[in-house]
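Please read the points beside the sequence and the structure.

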Amino acid sequence: MTTAHPASVTAAPAAGPCAARLLTRTEDGERLHALLWRAGPGWRMVSSAVLGGGVGPREWVLNAQVAHGYRRTDPDRHLAELAAGAGLRGEGVGLMTAADVSRHARAADAGAQALVTAGIDVRGWAASPAEGTALPAQPGTINIIAALPVALTDAALVNAVATATEAKVQALLETGHDCSGTPTDAVCVAARTPAPGEDPQPFAGPRSLWGARLARAVHRAVGEAVPAG
């Protein structure tokens, strides 16, 4: 199947999530898709993903579509199975969504790249009077995979997650959605491993050089991925 992404999105070099490939599988009689970015060595990633989350060296990112009404309570194991089935080895990041990942958006801005899939049927504001729960929420999800071609400190990686999230909310509001996201949104930001003697970038806020580029790429991709409100 040909990947559906907006023609207006800026072309990007291969070394980043914009080079992700679309995979197809059949699971429980349903045709499902996944997006796979084989980053290879030389990347450090920060992610909220259930598989490979946290901060550390990672070599691939898999964003897998699952069926609506997903019932498995071991999404980390399920994602590991899907990764193995795709021939992936080593440490990587696995994200999950009930959205059709064949309909996604890719954007680039001066070296920063973003790949976004969006399902917003269940959405709302982060600050809510509703009680939280320890149970895993059902996959719905705006998943953001972003990359910068420079090295970042651990603090700057965390800063980049905040920047990407701010850009997501800005795009949601500008496309007419009265929400800050869905209960299951996930993000992964990749940066290059520093070379010997290299000083990593210490900042990735929205007014820093690389944070601004990251914000613009994520903002554009989220705006293209979500339906108009």
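In which loop is Ala110 found? Ala110 is found in the loop between β7 and β8 (112-118). Strands, like helices, are DSSP runs numbered from the N terminus (E, at least two residues, for strands; H or I, at least four residues, for helices).

1. Basis of the note. This is a predicted model, in which local features need pLDDT of at least 70 and side-chain atom pairs count only at pLDDT 80 or more, while totals for chains, interfaces and linings use all residues. Residues are numbered from 1 along each chain as its sequence is written, and side-chain values use heavy atoms, with hydrogens and water left out.

2. Confidence. The pLDDT is the predictor's confidence in each residue, on a scale from 0 to 100. The chain has a mean pLDDT of 90. Of its residues, 90% reach 70 or more. Residues 1-13 have a pLDDT below 50. Beyond near neighbours in sequence, that stretch has 26 contacts in the model (a contact means heavy atoms within 4.5 Å). Where pLDDT is low, the predicted coordinates should not be read in detail.

3. Ala110 and its phi. Most residues other than glycine have a negative phi. Ala110 is not a glycine, yet its phi is positive, near 50 degrees. Is Ala110 buried or exposed? Ala110 counts as exposed because its relative accessibility is 52%. The classes are buried under 20% relative accessible area, exposed over 50%, and partly exposed in between (1.4 Å probe, protein chains only).

4. Strand β1 (residues 21-27) pairs with strand β2 (residues 30-38) in the antiparallel sense, over seven bridges. Pairing of two strands requires at least two bridges found by DSSP. Thr26 stands opposite Arg31 in β2. Two residues lie between the strands of this hairpin. Asp28 is found in the loop between β1 and β2. Its phi is positive, about 50 degrees, although Asp28 is not a glycine. With a relative accessible area of 81%, Asp28 is exposed.

5. Gly40. Where is Gly40 found? Gly40 is found in the loop between β2 and β3 (43-47). Gly40 is classed as buried because its relative accessible area is 18%. Leaving out residues up to four places away in sequence, Gly40 touches Arg58 and Glu59. Gly40 and Gly92 are 52 residues apart in sequence. In space, their C-alpha atoms are 9.6 Å apart.

6. The tryptophan pair. A pair of aromatic rings is described by the distance of the centres and the angle of the planes. The structure holds one aromatic pair. Trp37 and Trp43 form this pair, which is edge-to-face, with 5.2 Å centre to centre and 75 degrees between the planes. Rings of Phe, Tyr and Trp (its six-membered ring) pair if their centres lie within 6.5 Å; planes under 30 degrees apart count as stacked, over 60 as edge-to-face and the rest as tilted. Both Trp37 and Trp43 are buried.

7. Charges over rings. Arg192 has its charged end over the ring of Trp43, 4.2 Å from the ring centre. Arg213 lies over the face of Trp210, at 4.5 Å from the ring centre. The rule asks for NZ of Lys or CZ of Arg within 6 Å of the ring centre and within 35 degrees of the ring normal.

8. Arg216 and Asp109 meet in one, at 3.0 Å from N to O. This pair links distant parts of the chain, 107 residues apart: Arg216 is in helix α3 (residues 209-225) and Asp109 in strand β7 (residues 104-109). Asp109 also forms a salt bridge with Arg220, with the closest N and O atoms 3.6 Å apart. Arg220 is in helix α3, and this pair is 111 residues apart. Asp109 counts as buried at 13% relative accessibility. Arg216 is partly exposed at 39%, and Arg220 is partly exposed at 27%.

9. A salt-bridge network. Arg72, Asp74 and Glu81 are linked in a network of salt bridges. Between Asp74 and Arg72, the closest N and O atoms are 2.9 Å apart. Asp74 is partly exposed at 22% relative accessibility. Arg72 is partly exposed too, with a relative accessible area of 32%.

Key:
A salt bridge is a side-chain nitrogen of Lys or Arg within 4 Å of a carboxyl oxygen of Asp or Glu.
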